[in-house]
Amino acid sequence: MDNEQPVEFSLSANYPNPFNPTTTIDYSIATAGDVSIVVYDMMGREVKSLVADFATPGSYSVVWDATNNEGLSVAAGMYVYKMISSDFVEVNKMLLVK
């Protein structure tokens, strides 16, 4: 049986990392539901909401262009991104260089 659907939730490391000016984050959804991926600074403040949507099972990717929710460029440095879907939660780090 050839099933292209992911069997688990996953959040991949962003690439490239370190990055400038953009980075791509791949993720997979195992069951249909709400998905959020949010970028935070190292103080835990929300920088950018990348994904806030209902998704069906499959593989996805989202690009972050190093801007915040207001569309302004963010400072170089370390950021974390967090994916939440169903009871899956994962956090990864990424480094923006300028």
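Two strands are said to pair if DSSP finds at least two bridges between them. The questions below concern a predicted model.

Me: Over how many bridges do S1 and S2 pair?
Reply: Strands of a sheet pair through backbone hydrogen bonds, either parallel or antiparallel. S1 and S2 pair in the antiparallel sense. Pairing needs at least two bridges, and the number found between S1 and S2 is two.

Me: Which residue in S2 stands opposite Leu-11?
Reply: Strand S1 covers residues 10-11 and strand S2 covers residues 23-29. The residue in S2 that stands opposite Leu-11 is Tyr-27.

Me: Where is Pro-16, and what is omega for the peptide bond that joins Tyr-15 and Pro-16?
Reply: Pro-16 has its place in the loop between S1 and S2. The peptide bond that joins Tyr-15 and Pro-16 is cis. Its omega is about -10°.

Me: What is omega for the peptide bond from Asn-17 to Pro-18?
Reply: Pro-18 is found in the loop between S1 and S2. The bond from Asn-17 to Pro-18 is cis, with omega near 5°.

Me: Is Ala-66 buried or exposed?
Reply: Ala-66 lies in the loop between strand S5 (58-64) and strand S6 (77-85). Its phi is near 60°, a positive value in a residue other than glycine. The relative accessible area of Ala-66 is 5%. Buried means under 20%, so Ala-66 is buried.

Me: Is Ser-86 buried or exposed?
Reply: Ser-86 lies in the loop between S6 and strand S7 (88-96), and its phi is near 55°, a positive value in a residue other than glycine. The relative accessible area of Ser-86 is 55%. Exposed means over 50%, so Ser-86 is exposed.

Me: Which residue forms a salt bridge with Arg-45?
Reply: The structure holds one salt bridge. A side-chain nitrogen of Arg must lie within 4 Å of a carboxyl oxygen of Asp or Glu. For Arg-45, the closest N and O atoms are 2.8 Å apart, and the partner is Asp-41.

Me: Is Asp-41 buried or exposed?
Reply: Arg-45, which forms the salt bridge with Asp-41, is exposed, with a relative accessible area of 52%. For Asp-41 the relative accessible area is 14%. Since buried means under 20%, Asp-41 is buried.

Methods:
Residues numbered from 1 in each chain as written. Predicted model: local features only at pLDDT ≥ 70, side-chain atom pairs only at ≥ 80, totals over all residues. Heavy atoms only, no water. Helix = DSSP H or I, 4+ residues; strand = E, 2+ residues; numbered from the N terminus. Buried < 20%, exposed > 50% of the residue type's maximum accessible area, 1.4 Å probe, protein only.
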